[in-house]
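Work through the exercises below with the sequence and the model side by side. Each task is followed by a solution in steps.

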Amino acid sequence: MKKLLTSFRLPIVIILIWLATILLVGLWSVRNLPFTPTFPYYHDLSDHYSRAVSAFSHFDGIHYLRLIHKGYDDTGSQAFFPLYPLLIKFLAFGYFDPLYVGILLNITLTITTIFLVLKNLACSVQFKFLLLFLSFPASFYLLANYTESLFIFLLVSFFVLLKNKHYFLASVIAGLASGTRLVGAFLSISLLIELVRARKSLVYSAILTVISVTGLLGFMYYLFVRFGDPLMFIHVQSLFSNGRSDGEIILLPQVVFRYLKILVLNSPTTFAYYRSLFELLTFSLSLVVLYIYRRQIPLASLIFSLCAIILPSLSGTLSSYPRYLLAVIPLFIVISSSLSITKIWLISVVQYAILILSVALFVQGIFIA
């Protein structure tokens with residue numbers, strides 16, 4: 001037990017520092033910075049919670065809270081997948097406040113996921129991964145009322161099960177992930193790759209592949225029965241004024257051109273300029289890093305990572321992309337494995353500064369990532 005506690009001591013300290021940083025920056029921002037909410041349904045938060053309590057339920061967070069209370073009654077709510085709000089509703093037992101349940105759930109899942117990743121990493125990589133991952137500018141979303149913590153927990157669990165050849169359990173976890181985020185459906189490709197490599201029968205592989213997308217299929221069936229449109233989660237995207245198309249696939253060169261146009265036409269003194277620059281840089285760097293280290297990433301993880309990176313761009317925008325990049329865990333692992341501790345420290349310091357700024361902006365009601 002003593003040895004176990006010693007091995008956990010450093011990760012726990014780093015996690016606590018990360019938690020304290022986000023909470024203290026959020027509290028300071030609530031007390032000292034102007035509040036300019038730019039998202040709908042804010043009154044749902046202000047009528048029931050103080051600004052400090054609701055600080056990490058802005059933007060998509062309020063939509064998930066409304067899903068818990070109202071289901072898919074709101075036009076546009078169909079853009080949000082059901083597993084996360086259903087899980088919180090279940091854990092609240094109709095008694096506890098869903099906002100608090102969501103925050104506690106996210107913290108628990110985040111800590112569990114981190115230790116699950118560390119358990120499967122070499123000792124020399126663990127500290128570097130912790131620094132790189134937790135300092136990432138969008139990591140505060142792991143605490144917010146968003147799907148990030150649940151999805152990443154399912155993602156890591158899936159790849160751990162896949163590595164240990166527990167294919168059926170991996171397919172079930174993938175099915176849950178596909179009911180959490182659309183990109184979760186691409187885990188079926190990773191699963192199929194490993195099933196083919198293991199020379200499993202065609203029937204067995206087909207059954208597990210179908211199981212791995214049951215969350216998505218179930219959500220599509222629900223949307224078809226209730227609204228007559230199984231792809232409604234795509235078709236309502238344009239309602240959010242985030243630049244996403246409502247079904248048309250936009251090719252990557254068009255997206256890059258759009259962003260270059262934004263950077264040319266907007267003044268460097270505007271927030272839109274730096275947000276667009278941040279989104280484009282994180283997207284471009286993730287593709288470059290994935291290409292450079294492609295031979296060091298297992299094929300199943302590589303394919304999922306590529307899908308997770310490319311999928312957001314097909315909607316015509318890179319809005320929220322830094323947040324989506326959090327789920328590309330193989331990228332964080334391979335960078336941690338390849339770079340020296342000095343370089344990881346330098347990257348982490350820069351990231352941490354941007355993280356603090358991102359938290360302050362988000363709490364102010366200004367959309368970031």
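**Exercise 1. Count the aromatic pairs, then classify the pair of Tyr49 and Tyr100.**

Step 1. Rings of Phe, Tyr and Trp (its six-membered ring) pair if their centres lie within 6.5 Å; planes under 30 degrees apart count as stacked, over 60 as edge-to-face and the rest as tilted. By this rule there are 29 aromatic pairs.

Step 2. The ring centres of Tyr49 and Tyr100 are 6.3 Å apart and the planes stand at 80°, so this pair is edge-to-face.

Step 3. Locate the two residues. Tyr49 is in the loop between helix H2 (42–46) and helix H3 (51–54), while Tyr100 is in helix H6, 51 residues apart, so the pair links distant parts of the chain. Helices here are DSSP runs (H or I, at least four residues), as strands are (E, at least two), numbered from the N terminus.

Step 4. Buried means under 20% relative accessible area, exposed over 50%, and partly exposed in between (1.4 Å probe, protein chains only). Tyr49, at 15%, is therefore buried, and Tyr100, at 43%, is partly exposed.

Before going on, note the basis of these values: this is a predicted model, in which local features need pLDDT of at least 70 and side-chain atom pairs count only at pLDDT 80 or more, while totals for chains, interfaces and linings use all residues. Residues are numbered from 1 along each chain as its sequence is written, and side-chain values use heavy atoms, with hydrogens and water left out.

**Exercise 2. Which residues do ring pairs link into a cluster, and where is Phe59?**

Step 1. The cluster consists of Phe35, Phe39, Tyr42, Phe56, Phe59, Phe140, Tyr141, Tyr146 and Phe362.

Step 2. Phe59 belongs to the loop between H3 and helix H4 (60–70). With a relative accessible area of 8%, Phe59 is buried.

Step 3. Check the backbone of Phe59: phi is near 55°, a positive value in a residue other than glycine. Ser320 also has a positive phi, near 75°. Ser320 lies in the loop between helix H16 (299–310) and helix H17 (321–325), and its relative accessibility of 4% makes Ser320 buried.

**Exercise 3. Describe how helix H5 and helix H6 pack.**

Step 1. H5 covers residues 83–92 and H6 covers residues 98–119; their axes are 9 Å apart at an angle of about 110°. Axes are lines fitted to C-alpha atoms, for helices over the stretch in contact, and angles run from 0 to 180 degrees between N-to-C directions.

Step 2. Angles under 35 degrees count as roughly parallel, over 145 as roughly antiparallel, 65 to 115 as roughly perpendicular and the rest as oblique. H5 and H6 are therefore roughly perpendicular.

Step 3. List the contacts (heavy atoms within 4.5 Å). From H5, Tyr84, Leu87, Ile88, Leu91 and Ala92 meet Pro98, Val101, Gly102, Leu105 and Asn106 of H6.

**Exercise 4. Is Ser54 buried or exposed, and which residues does Ser54 contact?**

Step 1. Ser54 is in helix H3, and its relative accessibility is 0%, so Ser54 counts as buried.

Step 2. Leaving aside neighbours within four places in sequence, Ser54 contacts Leu45, Tyr49 and Leu99.
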